[in-house]
Amino acid sequence: MAGFLDRAKEQAQSALNQGKQKVDEVQQQRAGNELLKRLGAAYYAERRGSGTPDATQQALTALEAHITAHGDAFLHST
């Protein structure tokens, strides 16, 4: 009986870890999407004359830092 309980506990822990990993992935995707949106808004504002190249560069730098840290999978999940 103890072996069964140990296996059930291991499976529950594994499922919990997988769920936590999936939540982390979703949060990283949302953060990447938000940074991409900010870059687009900064570029649009710059092209329309109400933004600055510096704001666009800052948005690009933030996006590139996110990609370096978490990858670019969010760019392909549309």
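H66 has a relative accessibility of 9%, so H66 counts as buried; buried means under 20% relative accessible area, exposed over 50%, and partly exposed in between, with a 1.4 Å probe and protein chains only. The model is predicted: local features need pLDDT of at least 70, side-chain atom pairs count only at pLDDT 80 or more, and totals for chains, interfaces and linings use all residues. Residues are numbered from 1 along each chain as its sequence is written, and side-chain values use heavy atoms, with hydrogens and water left out.

H66 belongs to helix 2. Helices are DSSP runs of H or I with at least four residues, strands are runs of E with at least two, and both are numbered from the N terminus. Apart from neighbours within four places in sequence, H66 is in contact with Q28, A31, G32, L35, G71 and F74, where contact means heavy atoms within 4.5 Å.

T56 is also part of helix 2, which covers residues 53–70. With 12% relative accessibility, T56 counts as buried. Not counting residues up to four places away in sequence, T56 touches L39, A42, Y43 and E46. One polar atom of the T56 side chain lies 3.3 Å from the backbone oxygen of A42.

The other helix is helix 1, which spans residues 2–48. Q29 lies in helix 1, and at 28% relative accessibility Q29 counts as partly exposed. Between Q29 and G71 there are 42 residues along the chain, yet their C-alpha atoms are separated by 9.5 Å. A8 is another residue of helix 1; its relative accessibility is 34%, so A8 counts as partly exposed. The C-alpha atoms of A8 and Y44 are 54 Å apart, with the two residues 36 apart along the chain.

Side chains of opposite charge can pair when their charged atoms come close. Here the side chains of E34 and R38 meet in a salt bridge, at 3.4 Å from N to O. A salt bridge is a side-chain nitrogen of Lys or Arg within 4 Å of a carboxyl oxygen of Asp or Glu. By this rule the count is one salt bridge. E34 and R38 both lie in helix 1, four residues apart, or about one turn of the helix. E34 is partly exposed, because its relative accessibility is 34%.

L5 counts as partly exposed, because its relative accessibility is 48%.

As a whole, the chain has two helices and zero strands. Its radius of gyration is 20 Å, well over the 12 Å that the globule rule gives for 78 residues, so the chain is more spread out than a compact globule. That radius is taken over C-alpha atoms, and the rule is 2.2 Å times the number of residues to the power 0.38. Along the principal axes, the C-alpha atoms fill a box of roughly 70 × 20 × 15 Å. Of the 78 residues, 13% count as buried.

How values were computed
A polar contact is a pair of N or O atoms within 3.5 Å; within protein, one must be able to donate a hydrogen and the other to accept it, and residues adjacent in sequence count only if both atoms are side-chain atoms.
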